[in-house]
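Work through the exercises below with the structure in view. Each task is followed by a solution in steps.

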Amino acid sequence: INISAMLVLLLGLNERPAMSPVRDMPCPVHILARKNFARALVRAQRPRASQDLEALDGSCCGLSAKEVLGELFSAGVMKLHAEWRALCRRKPNATLLDFGDALRGTAVTLERLLSTVEVLEPKLVEVVWGS
């Protein structure tokens, strides 16, 4: 639920004001980041250059918006998992009271990702989280 809420708030998809799981997370991200993400969704749905010939007969196509969002969600979950594991290594006695720190690290990464979407290759779903 936390990752879904973060993505909804970061992308400005909520109909009403809502509370973020991370206090200092921008809700939504800058308008240019949202526009760039929307453009990336459109680009992701187009056939890739290497697939153009296959796409002519309808046998191949780009990613759907649902697939891109699903990959973004999955990557967010894996980032949260990595953040929690790193926190537990740094602080062996960590409890759920420390979980907010892992959420904060994940929110920062998602915000940075969405802010740099336009400079990423069109294959948006291959995101490197550890750098």
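**Exercise 1. Classify Arg104 by its accessibility and describe its salt bridges.**

Step 1. In this predicted model, Arg104 has a relative accessibility of 36%. Buried would need under 20% and exposed over 50%, so Arg104 counts as partly exposed.

Step 2. Arg104 makes a salt bridge with Asp101, and their closest N and O atoms are 2.8 Å apart. Because the two residues are three positions apart in helix 5, about one helical turn separates Arg104 and Asp101. An α-helix has 3.6 residues a turn, so residues three or four places apart point the same way.

Step 3. The side chain of Arg104 also meets that of Asp24 in a salt bridge, at 3.9 Å from N to O. This pair links distant parts of the chain: Arg104 is in helix 5, while Asp24 is in the loop between helix 1 and helix 2, 80 residues apart.

Step 4. Asp101 is partly exposed at 40% relative accessibility, whereas Asp24 is exposed at 58%. Together, Asp24, Asp101 and Arg104 are linked in a network of salt bridges.

**Exercise 2. Decide for Lys91 and Asp98 whether each is buried, partly exposed or exposed.**

Step 1. The structure holds four salt bridges. One of them joins the side chains of Lys91 and Asp98, at 2.7 Å from N to O.

Step 2. Lys91 has a relative accessible area of 39%, so Lys91 is partly exposed. For Asp98 the value is 12%, so Asp98 is buried.

**Exercise 3. Find the aromatic pair and name its geometry.**

Step 1. A search of the whole structure gives one aromatic pair. The pair consists of Trp84 and Phe99, whose ring centres are 5.4 Å apart and whose planes stand at 65 degrees.

Step 2. An angle over 60 degrees counts as edge-to-face, so the pair of Trp84 and Phe99 is edge-to-face.

Step 3. Trp84 belongs to helix 4 and Phe99 to helix 5, so the pair ties together parts that are 15 residues apart in sequence. Trp84 is partly exposed at 22% relative accessibility, and Phe99 is partly exposed at 21%.

**Exercise 4. Compare Gly76 and Val77 in terms of accessibility.**

Step 1. Gly76 lies in helix 4, and Val77 is also found in helix 4.

Step 2. Gly76 has 0% relative accessibility and counts as buried. Val77, at 35%, counts as partly exposed.

Step 3. From C-alpha to C-alpha, Gly76 and Leu103 are 9.9 Å apart in space, and 27 residues apart in sequence.

Step 4. Val77 forms a nonpolar surface patch with Phe73 and Met78, with about 260 Å² of accessible area together.

How values were computed: Residues numbered from 1 in each chain as written. Predicted model: local features only at pLDDT ≥ 70, side-chain atom pairs only at ≥ 80, totals over all residues. Heavy atoms only, no water. Patch = residues over 30% accessible without salt bridge, like charges linked within 9 Å, V, L, I, M, F, W, Y side chains within 5 Å. Areas by Shrake-Rupley, 256 points an atom, 1.4 Å probe, with all protein chains shown as cover. Helix = DSSP H or I, 4+ residues; strand = E, 2+ residues; numbered from the N terminus. Buried < 20%, exposed > 50% of the residue type's maximum accessible area, 1.4 Å probe, protein only. Phe/Tyr/Trp six-rings, centres within 6.5 Å; stacked < 30°, edge-to-face > 60°.
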